[in-house]
Amino acid sequence: MTKVSGEDLTRRLATRAVHAGHIADPLAGAVMAPIYQTSTYVQQGLGKHKGYEYARTSNPTREALERNIAALEGGRHGFAFASGLAAVDAVLKLLSQGDHVVSGENVYGGTHRQMTHIWARYGLEFSFVDAADARNVAAAVTPRTRMVYTETPTNPMMRLCDLEAVTEIARRAGALSVVDNTFATPCFQRPLELGADVALHSTTKYLNGHSDMVGGMLVMNADDLAERIGFIQNASGAVPGPFDCWLALRGTKTLALRMRQHDATGRRIADWLTRHPKVSQVYYPGLPSHPQHDLACRQMSGFGGMISIELGSVERARRLVERTKIFALAESLGGAAVGRHRGRGRPDRGPGAGAGRRGMRASEVKSRLSCSHAEAWARRSATLKRSVRQHSAVPSPGFSQGTPRETSKSGPRTDCLLHNSRSIT
Ligand SMILES: Cc1ncc(COP(=O)(O)O)c(C=O)c1O
């Protein structure tokens with residue numbers, strides 16, 4: 001079981017991102033975690049080994065990643081998985097037939113699909129509620145509730161959930177609270193510190209940050225919970241390969257720097273979008289017009305780079321995503337750049353896809369803003385360009401742990417890759 005060193009947890013976030021989890025390489029003194037590309041380890045005698053028997057159970061590169069992300073989340077144990085959905089799968093395997101889960105209704109479509117199309121067949125029961133109001137979560141709790149599952153901000157509607165309130169509801173019900181922290185990242189929100197039992201990630205996104213691997217992660221504090229997740233990780237076997245772990249680990253080293261830029265860029269573009277005549281709605285928690293802006297300022301230390309907009313019709317949304325030059329049309333987010341169109345769900349992907357979920361509309365475009373110049377985004381429109389320059393960033397919430405209060409002072413850097421995803425993948 002991977003355990004974070006106490007010393008790593010004393011460091012500030014940007015320092016943890018670079019150094020946490022690294023153990024000096026005894027062979028050559030490599031400053032980066034080596035890629036242990038091996039499926040098994042030599043034994044000196046039957047059952048006599050150096051702590052590693054078989055790579056599904058443990059691998060030093062994977063452990064370095066697990067320690068690193070656990071430290072970023074401020075947790076004591078971390079477990080890496082082959083994808084974000086494999087992490088969702090593992091956490092739901094903590095439950096048994098007949099157990100009840102209260103879940104946010106606007107969670108990532110693939111999570112919703114797994115819950116309703118796989119786990120419901122195995123006897124788990126789900127109530128999907130608008131978790132933006134914690135009273136809905138409380139009202140859905142039954143004597144059989146064993147888990148409260150939330151995502152905040154949600155993909156794609158950028159709805160928030162009050163983590164202190166919701167985790168307290170779960171605690172009182174004797175249920176586990178699981179929070180998907182993929183959008184905010186530990187730079188801007190740390191669910192464990194707000195009472196959650198488990199923080200979940202698709203490391204495919206911001207944590208990796210380069211769109212070159214797929215992975216997931218679960219982080220927790222409780223030793224007994226970690227034992228159970230460790231058992232599931234090994235027994236079900238959805239582990240990432242060492243090279244993917246290494247890529248994710250390389251990505252997290254720059255997480256604090258990247259998120260600072262995403263946040264600065266996100267604020268400027270969101271602010272500009274609110275003034276654009278063709279944009280009917282902008283969903284971004286950093287905007288004072290966001291219905292949960294106060295909550296965002298309270299529980300997040302930055303707003304990030306994810307923005308959803310509505311353009312009034314599917315056709316307008318399609319035209320936008322198909323005509324941009326800097327944006328690439330592709331699935332996913334959190335890498336070199338992103339944006340996507342949410343339209344009708346694809347029938348072959350099942351319900352829960354795209355507009356099949358509550359709160360989804362076909363005219364939405366989701367943009368993820370990344371790290372080059374804001375002017376690149378604005379290049380096609382002189383008005384936009386002027387506007388991006390004129391309007392200062394949305395006021396900052398209180399950054400903590402060395403995360404970027406200074407973002408609003410930095411120059412107008414942005415770049416966006418706009419990708420078109422009409423449904424979940
Ligand atoms: C918020 C969120 N959670 C989980 C996932 C699933 O992650 P993965 O694609 O790595 O399986 C995604 C994927 O887009 C996501 O956006």
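The exercises below, each with a worked solution, concern a predicted model.

**Exercise 1. The whole protein**

State how many helices and strands the protein has, what percentage of its residues count as buried, and what percentage of contacts between residues at least 6 apart in sequence join residues at least 24 apart.

Solution. Start with the secondary structure: the protein has 14 helices and 12 strands. Next take burial: 55% of the 425 residues count as buried. Last, take the contacts between residues at least 6 apart in sequence: 76% of them join residues at least 24 apart.

**Exercise 2. Helices H3 and H4**

Describe how helix H3 and helix H4 cross, and which residues meet.

Solution. Two packed helices are described by the angle between their axes and the distance between the axes. Here the axes of H3 (residues 84–92) and H4 (residues 109–117) come within 10 Å, and they cross at roughly 40 degrees. The crossing of H3 with H4 is right-handed. From H3, the residues Leu-85, Val-88 and Asp-89 meet Gly-110, Thr-111 and Gln-114 of H4. By class, this contact holds two nonpolar, three polar and one charged residue.

**Exercise 3. The shell around the ligand**

Find how many residues surround the ligand and which are the closest, then sort the shell by class.

Solution. The ligand is surrounded by 15 residues, and the closest are Ser-83, Gly-84, Tyr-108, Ser-202 and Thr-204. H3 and H4 are the elements that contribute two or more residues to this shell. Sorted by class, the shell around the ligand consists of nine polar, four nonpolar and two charged residues.

**Exercise 4. The sides of helix H12**

Determine which residues of helix H12 are buried, and which are exposed on the other side.

Solution. In H12 (residues 314–323), the buried residues are Ala-317, Leu-320 and Val-321. They lie on the same side of H12 because they cover an arc of only 90 degrees around the axis. An α-helix has 3.6 residues a turn, so residues three or four places apart point the same way. On the other side of H12, the exposed residues are Glu-315, Glu-322 and Arg-323.

**Exercise 5. The surroundings of Thr-150**

Is Thr-150 buried or exposed, and which residues does Thr-150 touch?

Solution. Locate the residue: Thr-150 belongs to strand E4 (residues 145–151). Then apply the cut-off, under which a residue is buried if 20 or more other C-beta atoms lie within 10 Å of its own. Thr-150 has 31 other C-beta atoms within 10 Å, so Thr-150 is buried. Leaving out residues up to four places away in sequence, Thr-150 touches Gly-104, Ala-131, Cys-161, Val-166 and Val-179. Finally, Asp-130 is 20 residues from Thr-150 in sequence, and their C-alpha atoms are 9.9 Å apart in space.

Key: Residues are numbered from 1 along each chain as its sequence is written. This is a predicted model: local features need pLDDT of at least 70, side-chain atom pairs count only at pLDDT 80 or more; totals for chains, interfaces and linings use all residues. Axes are lines fitted to C-alpha atoms, for helices over the stretch in contact, and angles run from 0 to 180 degrees between N-to-C directions. Helices (H or I, at least four residues) and strands (E, at least two) are DSSP runs, numbered from the N terminus. A crossing is left-handed if the near helix is turned anticlockwise from the far one by less than a right angle, and right-handed if clockwise. Two residues are in contact if their C-beta atoms, placed from the backbone, lie within 7 Å. Ala, Val, Leu, Ile, Met, Phe, Trp, Tyr, Cys and Pro count as nonpolar, Asp, Glu, Lys and Arg as charged, and the others, Gly among them, as polar. A residue is near a molecule or strand if its C-beta atom, placed from the backbone, lies within 6 Å of it. A residue is buried if 20 or more other C-beta atoms lie within 10 Å of its own, exposed if 12 or fewer, and partly exposed in between; C-beta atoms are placed from the backbone. The arc is that of the directions from the helix axis to the C-beta atoms.
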